[in-house]
Structures are given as structure tokens and as C-alpha cells.
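Walk through this structure one step at a time. Keep the coordinates open as you read.

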Amino acid sequence: MHAAREPAELLLAAAEGDQSAWDELVSRFGPRMWAVARACGLGPADAADAVQGAWLRLLQHLHTIREPAGVGAWLMTTVRREALQLLRKDRPLLAAAEVVDEPDPAAAVLEADDRRLLWKTVSALHEPCRSLLQLVANDLGNQQVASRLGLPVGSIGPTKSRCLDKLRTLISTQETAQ
Amino acid sequence: MINDEYFLAALRLSSGHDPIPRHVSATAREAFALRVPHALTAAPAECSAVRGVRDDDGSHLVRFVAAGLTFDLEVTEGDGLIDVAGLVSPYPGDDSLVDVRTPHMTLTRRIGPTGHFAVTGLPPGWISVVCHRPGLAPVQTTWVRIRP
């Protein structure tokens, strides 16, 4: 069995025309990109559009990514920007691509190790945050979340924000302690 | 600070409730065929008078510039399809071609002696134009998204 190739190696190989390396990048990062686009609030069609745009952008920057090892964070940042642009109410008919120079360091939370830590931290939260974030993760809308938790629908958005703030604080504290 | 979107994405990903659809992955893999080796990339020009300007007839103008080559594209949407009228300047010479590409369709046109070219009936979505010049590196525009 071959050892999995590092992202930087895959990027270099893809830049040299290696379709299998490109396919491996798609397999490795595609699911996370989809999750980012959907987490931004896009429906399936727009999420597909945003993900596709990020891949097309990478295709034109195979040789110019500043940190090849960080191609995953570059893709997450790119798809998030595409998604947020799609969400703009005054979105133009013609949207030109914006090149990502500095990927968001925060995208690292999508790495498998960090995701495990994230869930561990979620499970340490008090109610209703623990249940609310689990329901949100399962793609339940505000109405359904409110019904499950016995909370007013109007309180779900603000409560979710507060829960995410708590989660952010706990994660930051853990990172500082390490 | 971690953006909420990355947190929520990480939670969604772990739940496994909303996996990436197969067709989205397939389209991403197929996109590799759109790679243009050794191409120079023309970025949108920082010219507010041209970029994204919308005319009264609903068309949009966008300019891309690289390596001494300028693409001026007029994009018009009608009946859910896209028409592109373009000008490559300076004239890249006889035997030059342009490919007007979407992820699923490429239309090739010879560039007229005035530098003009046109294609009609493209599906909305991502579009890029590549200019092939004999003896010189091809020049591609960045991808732009065109929505009805």
C-alpha cells in the first residue's frame, strides 16, 4: 500500500499534469469544501457552484500558491469567499474571481484532529448549547431545533451565536494551554 | 478568531449528514481537463470604468489584462443563456484562436482581423477565455461567474 501523498506533493504533481494527484486533492478536500459552502448557508445548487469555482481558481494557481502545504486552507478560504459572494443580495451578474493571498488560519479546525477536539469540546458545553450544536450539525432548521429544545424560534439564532462564542472561547483556551 | 462558518462546517462534516454529492466531486475531477499548461493568466483590470459595468441593454463589460494582451468582453444574458462578444488587443496575428470555455463546453473561434470574436448560447455559470497565439504562450482569463 502506498503512503498517502502530502498536499504539497499533490499540488506539485497536479501542476505537472498528474490527473491522479488532482483526483486525490479532490477526494481529500472536496468534502470539507462542501461543508464550508453549506455552513455558509448556501443551498445545494449554489454550494456546488462555489465549490466548482474554488477548484477552477486552483487550476489557474497550481504554480503560484505561496505555501503548497497549505493548499487545503487555501481551498477552504477560497470556497468561503465564493460562498459569501453568492450570498450577497446585490450580487452582480458577472463576478470576477478574487485571488486568496493569505488563507484563513482558522480553516485548520476542519482537519480531522481538530474536529475530534471540537466535538470533545462541544460535549463539555452546558445545555442548551450541547444539544443545539448537535442539532445544527445535523442540518436541522431553526424551527425544528426550537421544537426539539422547547425554545422560542426567535431565540435560536442568538442562542446559536452565543454557543459558538462559548465554543470559540473554550477552543482558544485549550490552544493557549498547549 | 475562528469564523462561525468553519466551526459549523467542522460540525456538519463530522455528523456525516450532508456529504458532498457525487456529481460535485465528479465535476471537480473533470475540471482538470481545463488546465492550460504554460498559460499566462489575465486578471480583471483595475479599471472601474470598464469592470462589471452594466449597460442599459443588460450586458456587462469586463476587461482582463496580461502580458501586453487585453481582453474586453461584453457579456449579455438572454433567455437564460449567455452571449459573449470579445475584443483581443492588440490584434494577436493571423492564425490566432480563442477558446471560450465553460466547465462543460468549449467553443473555438478564429479572431477576426480587427481582434473581434463572438459566441452565443453558453450556459450560465463559470466562463474563461483562452487566446492561442502561434509561437507564443497562450493567455487565459481568470474564471468569472455569470448568473442569470
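**Rings, charges and the contact between chains**

Ring pairs link W22(A), W55(A) and F32(B) into a cluster. This is a predicted model, and the positions discussed here are read from it. Over all chains, the structure holds 2 aromatic pairs. One of them joins W22(A) to W55(A) in an edge-to-face arrangement. Their ring centres lie 5.3 Å apart, with 65° between the planes. An angle over 60 degrees counts as edge-to-face, so this pair takes that label. The pair links distant parts of the chain. W22(A) sits in helix α2 (residues 19-39) of chain A, and W55(A) sits in helix α3 (residues 44-59) of chain A.

Now take the contact as a whole. The size of an interface is often given as the accessible area lost when the parts come together. Chain B and chain A bury about 5,300 Å² between them. Of that area, 66% is on carbon and sulfur atoms. Chain B supplies 50 residues to the contact, and chain A supplies 60 residues.

How many salt bridges are counted between chain B and chain A? The count is 5. One salt bridge runs from E5(B) to R80(A), with the closest N and O atoms 3.1 Å apart.

Next, look at the charged pairs within each chain. Side chains of opposite charge can pair when their charged atoms come close. Over all chains, the count comes to 18 salt bridges. R5(A) forms one of them with E24(A), and the closest N and O atoms are 3.5 Å apart. R5(A) lies in the segment before α1 (7-15) of chain A, while E24(A) lies in helix α2 of chain A, so the pair ties together parts that are 19 residues apart in sequence. R5(A) is partly exposed, with a relative accessible area of 22%. E24(A) is partly exposed as well, at 25%.

R168(A) meets D165(A), with the closest N and O atoms 2.7 Å apart. The two are separated by about one helical turn, because they are 3 residues apart in helix α8 (residues 153-177) of chain A. What is the burial state of R168(A)? R168(A) is buried, with a relative accessible area of 10%. D165(A) is partly exposed, at 40% relative accessibility. Return to R5(A) and E24(A): salt bridges that share partners join R5(A), D18(A), E24(A) and R28(A) into one network.

Chain B has a charged pair of its own. The side chains of R12(B) and D18(B) meet in a salt bridge at 2.8 Å, N to O. R12(B) counts as buried, at 11% relative accessibility.

Step back to the layout of chain A. It is divided into domain 1 (7-103) and domain 2 (112-177). The C-alpha centres of these two domains of chain A lie 27 Å apart.

Now turn to the strands of chain B. Strand β6 (residues 97-102) and strand β7 (residues 105-110) of chain B pair in the antiparallel sense, over 6 bridges. A hairpin joins β6(B) to β7(B) through 2 residues. L97(B) stands opposite R110(B) in β7(B).

T102(B) is found in strand β6 of chain B. What does T102(B) contact, leaving aside its neighbours within four places in sequence? The partners are L34(B), L122(B), P123(B), W126(B), I127(B) and W143(B). T102(B) is buried, because its relative accessible area of 2% is under 20%.

A137(B) gives another view of chain B. A137(B) lies in the loop between β9 (125-132) and β10 (139-141) of chain B. At 31% relative accessibility, A137(B) counts as partly exposed. Beyond its neighbours within four places in sequence, A137(B) is in contact with H38(B) and L40(B). S15(B) is 122 residues from A137(B) in sequence. In space, the two are 47 Å apart, C-alpha to C-alpha.

Definitions and conventions. Residues are numbered from 1 along each chain as its sequence is written. Chains are lettered from A and ligands numbered from 1 in the order in which they are written. This is a predicted model: local features need pLDDT of at least 70, side-chain atom pairs count only at pLDDT 80 or more; totals for chains, interfaces and linings use all residues. Side-chain values use heavy atoms; hydrogens and water are left out. Two strands pair if DSSP finds at least two bridges between them. Helices (H or I, at least four residues) and strands (E, at least two) are DSSP runs, numbered from the N terminus. Domain bounds come from an automatic or database domain assignment. Buried means under 20% relative accessible area, exposed over 50%, partly exposed in between (1.4 Å probe, protein chains only). Contact means heavy atoms within 4.5 Å. Rings of Phe, Tyr and Trp (its six-membered ring) pair if their centres lie within 6.5 Å; planes under 30 degrees apart count as stacked, over 60 as edge-to-face and the rest as tilted. A salt bridge is a side-chain nitrogen of Lys or Arg within 4 Å of a carboxyl oxygen of Asp or Glu. Buried area is the accessible area (1.4 Å probe) that two parts lose on being put together, summed over both.
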